Amino acid sequence: MANNRNSYNFNNVEEIKSRCNIVDVIGRVVTLKKAGSSYKGLCPFHNEKTPSFSVDEGRQTYKCFGCGEGGDVISFVQKYYSLDFVEAMELLAREYGIELKRSSQSSGQSKEFFEINRLAARFFYRALREHNNPGYTYMRRRGISDETLNTFGIGYADEEWTSLTDHLSEQGYSPQKLVEVGLSSEKDGRYYDKFRGRVIFPIINTGGKVIGFGGRIIGDGEPKYLNSKESAAFQKKNNLYGLNVTKDYVKKEDRIILVEGYMDVISLYQAGVRNVSASLGTALTENQARLIKRYTSDVILSYDADSAGQKAALRGLDILYNEDLRARVLVVTDGKDPDEFIKAKGRDAYLELVDSALPFGDFKLKKAQEPYDLNDSQDKLKYIRDALRILGGMKPVEADMYLGMLAEKTDISEQAIRQEFENGKEKQGSNAFGSVIRNEEILRDEMSEAEMDLLKLMLIDSDYVKLPDDIKDDVFTDRIGSSIYQAILAEDKGERPLDMNRIAEQIDIDSVQTLRTIRSRIIPGDKENEIYEDCIKYIRHQKLLREDARITAKLRDPHLDRSEAEKLMQRQIEIQKSIKG
């Protein structure tokens with residue numbers, strides 16, 4: 001195979017570098033020991049007795065000061081395993097589950113995109129500073145100093161329709177190219193700036209390249225924030241805002257505070273809390289977690305106090321936990337977000353909140369308890385069910401610790417709680433932890449094969465998403481099935497395939513795992529309609545069975561009114577006829 005770097009596009013290379021931690025890759029073949037901010041070991045490329053081989057996790061590079069060998073994770077794999085560039089890429093991709101896509105374009109396009117973004121960033125930067133403008137006034141009113149504006153390269157897009165498009169066209173870039181980058185838009189053959197009347201936040205990767213922009217509207221209007229579209233240069237799942245500025249502080253503090261917005265990062269940084277960064281959107285990704293892992297294993301999630309922020313924190317916790325990062329959640333007591341809080345209360349008050357951030361398990365159990373009244377026996381059992389499901393996803397030592405705490409909180413014997421937990425583990429957690437709850441007749445049904453097939457059909461064809469009126473509210477009795485269905489409804493525009501990443505962002509980690517199982521189910525192409533009809537029949541049958549059970553339970557009530565009892569018995573006769581039919 002020829003050593004052809006252009007066999008794969010730039011995004012493949014960046015994803016490999018983002019997801020394959022060089023310390024992990026080299027550590028399999030070289031014994032590495034922590035030495036300050038880097039790792040050291042004996043060079044695998046020449047004989048030596050004193051370690052001169054150094055691996056920098058932050059920069060994701062290696063260097064031998066004895067023989068001079070150095071490079072990144074791909075070049076190490078090339079050299080060590082005697083592979084060419086493409087073979088090294090494919091080896092790492094297989095190992096880390098990365099899908100590689102061939103590209104006929106060279107990485108020159110991505111370099112061109114970076115250059116266009118760099119020129120755009122300079123244009124926006126100058127526009128904020130050359131004369132009085134609404135962008136500068138807005139940022140000063142928000143309390144942001146000139147020094148901080150300069151540190152983050154904040155700029156301004158004026159309200160004219162073609163200022164940036166005209167400027168970059170003069171630099172030799174076609175309007176069509178600017179549309180590809182995401183800086184211009186086109187309508188009826190006319191090209192105009194995408195960002196207008198906005199404060200501009202350049203998004204810069206840890207390598208110092210401008211990969212995209214975020215724009216905050218000045219005054220009223222929608223959308224409040226406008227971000228660059230995904231392109232050859234910009235993949236938001238692989239990057240974090242502000243980390244190019246703050247990464248050294250993160251390493252020094254050995255802790256990162258992860259917030260939602262650009263202004264949160266900037267305000268905290270200006271106030272002296274500098275080990276901070278922001279996810280590009282509230283949905284934290286596995287790649288972003290792995291990027292964080294290069295600099296620290298200690299993460300504080302400081303998301304907004306509203307429901308969306310708290311849901312995002314729950315999703316983020318699962319992702320961080322699965323990447324073996326220590327994750328905690330900061331709960332802002334005054335003010336909706338970190339920006340508001342630190343301006344009102346100051347750095348020291350914010351750092352007190354950081355120090356009291358709730359660990360992974362504490363926060364998840366606290367959120368699980370919120371809907372329930374533990375003085376009510378039914379609510380208490382529901383809480384136990386949800387809590388044990390959470391503990392089932394934890395490492396054994398952590399789960400053991402929380403089992404005792406759960407027993408104390410609910411005033412139920414620890415022996416009973418532990419027995420319930422063990423029963424659930426034996427059943428592999430699918431609506432497990434059930435004997436106590438089942439005795440109270442409040443355990444929801446497990447997701448049936450029919451429900452899973454029905455969800456698979458919905459993923460295949462939008463025609464199956466709209467359900468018959470008589471069962472549409474009773475199809476998914478399982479929490480996970482219901483959450484996946486709601487996510488499909490939210491994303492369905494009639495086109496296929498659906499964006500699985502967007503669906504996954506709306507559901508928890510348990511549901512994501514079930515979604516993967518559903519996606520792998522096989523539905524024969526010539527049997528789709530037949531299977532759909534069978535699913536609907538089965539679900540109608542199950543609905544009747546549940547109604548029959550509810551009526552039976554009501555008829556046991558000694559205080560039931562006679563006329564009501566007669567109505568229920570008549571209904572039960574009809575149901576049982578339908579069931580037999």
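Q: Quick one on this predicted model: is aspartate 254 buried, partly exposed or exposed?
A: Aspartate 254 counts as partly exposed, at 44% relative accessibility.

Q: Where is aspartate 254?
A: In the loop between H10 and strand E13 (256-259).

Q: What about phi of aspartate 254?
A: Phi is positive, about 55 degrees, although aspartate 254 is not a glycine. Most residues other than glycine have a negative phi.

Q: And what is phi of aspartate 411 near?
A: Near 60 degrees, also a positive value in a residue other than glycine. Aspartate 411 lies in the loop between helix H18 (396-410) and helix H19 (414-426).

Q: Aspartate 411, buried or exposed?
A: Exposed, with a relative accessible area of 71%.

Q: New topic. Which residues does the cis bond with omega of about -10 degrees join?
A: Glutamate 222 and proline 223. Proline 223 sits in the loop between strand E10 (210-217) and strand E11 (225-227).

Q: What is omega for the bond from arginine 496 to proline 497?
A: Near 5 degrees, and that peptide bond is cis. Proline 497 is in the loop between helix H22 (479-491) and helix H23 (500-505).

Q: Now cavities. How many are 30 Å³ or more?
A: One. The largest cavity has a volume of about 30 Å³.

Q: Which residues line the largest cavity?
A: Among them are Thr151, Phe152, Tyr241 and Asn244. Strand E9 (198-204) and helix H10 (243-253) each supply at least two lining residues.

Q: What classes are in that lining?
A: Five nonpolar, three polar and no charged residues.

Key
Residues numbered from 1 in each chain as written. Predicted model: local features only at pLDDT ≥ 70, side-chain atom pairs only at ≥ 80, totals over all residues. Heavy atoms only, no water. 1 Å grid on protein atoms, 1.4 Å probe; cavity = no way out; pocket = protein on both sides within 12 Å on 5 of 7 lines; lining within 4 Å. Points joined across faces, edges and corners; volume = space filled by probe spheres on them. Helix = DSSP H or I, 4+ residues; strand = E, 2+ residues; numbered from the N terminus. Nonpolar A, V, L, I, M, F, W, Y, C, P; charged D, E, K, R; others polar. Buried < 20%, exposed > 50% of the residue type's maximum accessible area, 1.4 Å probe, protein only.
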